[in-house]
Amino acid sequence: MAEDHVPCDSNDHASNMKGGNDSLVVCFGEMLIDFVPTVAKVSLAEAPAFKKAPGGAPANVAVGISKLGGSSAFMGKVGDDEFGYMLSDVLKQNNVDNSGVRFDSTARTALAFVTLKDDGEREFLFYRHPSADMLLQESELDINLLEKARIFHYGSISLISEPCRSSQFAAMRIARKSGSILSYDPNLRLALWPSAEAAREGIMGIWDQADVIKISEEEITFLTGCDDHNDDKVVLDNLFHPNLKLLIVTEGSKGCRYYTKEFKGRVPGVKVKPVDTTGAGDAFVGGILSSLASNLNLFEDEKLLREALLFANACGAVTVTERGAIPALPTKDAVLELLGKVSPR
C-alpha cells in the first residue's frame, strides 16, 4: 500500500491539510437497499408493495454532509450487482467521494425491509447471510483516503462479524494515527446481533476510543441497564470516558443533550409536522459533523456548540417532513430557512 501514501511531513495533521480536503469526513460501514412499503403504517406482512431506497446510516451521514456543502467520502463494500452499482452511483450523484467503495463478487448487496407501524414502532427485516458489507477486508481499505480524514465516522453494525470487524479496527487505527477525530454513532440494530449481550459487549468494546459519540435515549437504557435515561449521573458515570470530547444524547423532536468535560446542557428541537422519521438521526449527525469539520474548537466554546447543535436539530427536523432518508436530507439553505422561522434561543 506504500505507493498510495502522499509524502508529507510527520505533523499529526499534515495529511489533513492536503488540497481542498482539510475538512473531509470519511464515513465507514454499511450501505444497503431499504425496501419501504408503498402504504404507510402497515406491518411488513400487510404491505401490498415496496419501494426501494438507498440506506445505511454511515452512507446517509456522508450524503447529509455533502448536501450541506461539506466534504465527505464513504468507505464500505457492496455486491458486484445492480443494487451495488446503483448505490455507488447514488454517492457520486450526491458529490460523495466513492473511491473507498469496494465490490464483492461472492455476496449480494444487503437488503432491509423497513416499515413504520401504526404504533410508531419501526419493524426491520434484514437479508444479509452474509451480505457484501460484512466481507470488507483490511487489505481493501483505502489508506490514502483514511489519512486525509479530518473526521472518521463509524457505527457498530460493522463490528458484528469478521472480516469487517478487523477492517474497522484497522481503519480506526490509521485514522487516529493521522490525526483524525473519531466519531461514533452506535446505531443499535439488535436484530442483527447474535444476542443482546453480544451487542452490548461489541458496542462498548470500542467506546473509549471515540472523541465524539452520539447516542439515543433507548441506547442509554440498553447499554447501562438503567431505566432513567434522563439522569445526567447515569450518563456521566456509565458512558462518559476520559478521552471523550463530546457526548450527545438525541431526544427525537425534543432536541438533544450535550456533555463535555467542561459543560453540559440541552438544546430544544425545532417543531415541524413529521411525515417520516427515517434518516432523522443520520441527518442530525451529518449536521453536527459538518459544523465540527469546519471548526474543531466547537468542543471548547459552549455558545458555538449550542448553535451547531440547533443547526443539527434543524437538519433532523427538515428530514422528517419528507419520505425516505437520502432524498429527504436537507441542503444548508433549507435548514437556515427553517431556523429563520424560529425565534432565537
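A salt bridge is taken here as a side-chain nitrogen of Lys or Arg within 4 Å of a carboxyl oxygen of Asp or Glu. The structure is a predicted model, in which local features need pLDDT of at least 70 and side-chain atom pairs count only at pLDDT 80 or more, whereas totals for chains, interfaces and linings use all residues. Residues are numbered from 1 along each chain as its sequence is written, and side-chain values use heavy atoms, with hydrogens and water left out.

The bridge between K303 and E307, whose closest N and O atoms are 2.9 Å apart, lies within helix 9 (residues 302-319), where the two residues are 4 residues apart, about one turn of the helix. Here K303 is exposed at 60% relative accessibility, while E307 is partly exposed at 42%.

Helices (H or I, at least four residues) and strands (E, at least two) are DSSP runs numbered from the N terminus. Helix 6 (residues 217-224) is largely enclosed by the rest of the structure, because 6 of its 8 residues are buried, namely E217, E219, I220, F222, L223 and T224. The cover over these buried residues includes helix 5 (196-205), strand 10 (212-216), helix 7 (232-239), strand 11 (246-250) and strand 12 (255-259), and helix 6 is followed by G225, which has a positive phi near 75°. Within strand 11 lies T250, which is buried with a relative accessible area of 13%. Leaving aside its neighbours within four places in sequence, T250 is in contact (heavy atoms within 4.5 Å) with K214, I215, S216, E217, G255, C256 and F284.

Elsewhere, G340 lies in helix 10 (residues 332-340) and is exposed at 61% relative accessibility. The C-alpha atoms of G340 and L298, which are 42 residues apart along the chain, are separated by 22 Å.

How values were computed
Buried means under 20% relative accessible area, exposed over 50%, partly exposed in between (1.4 Å probe, protein chains only).
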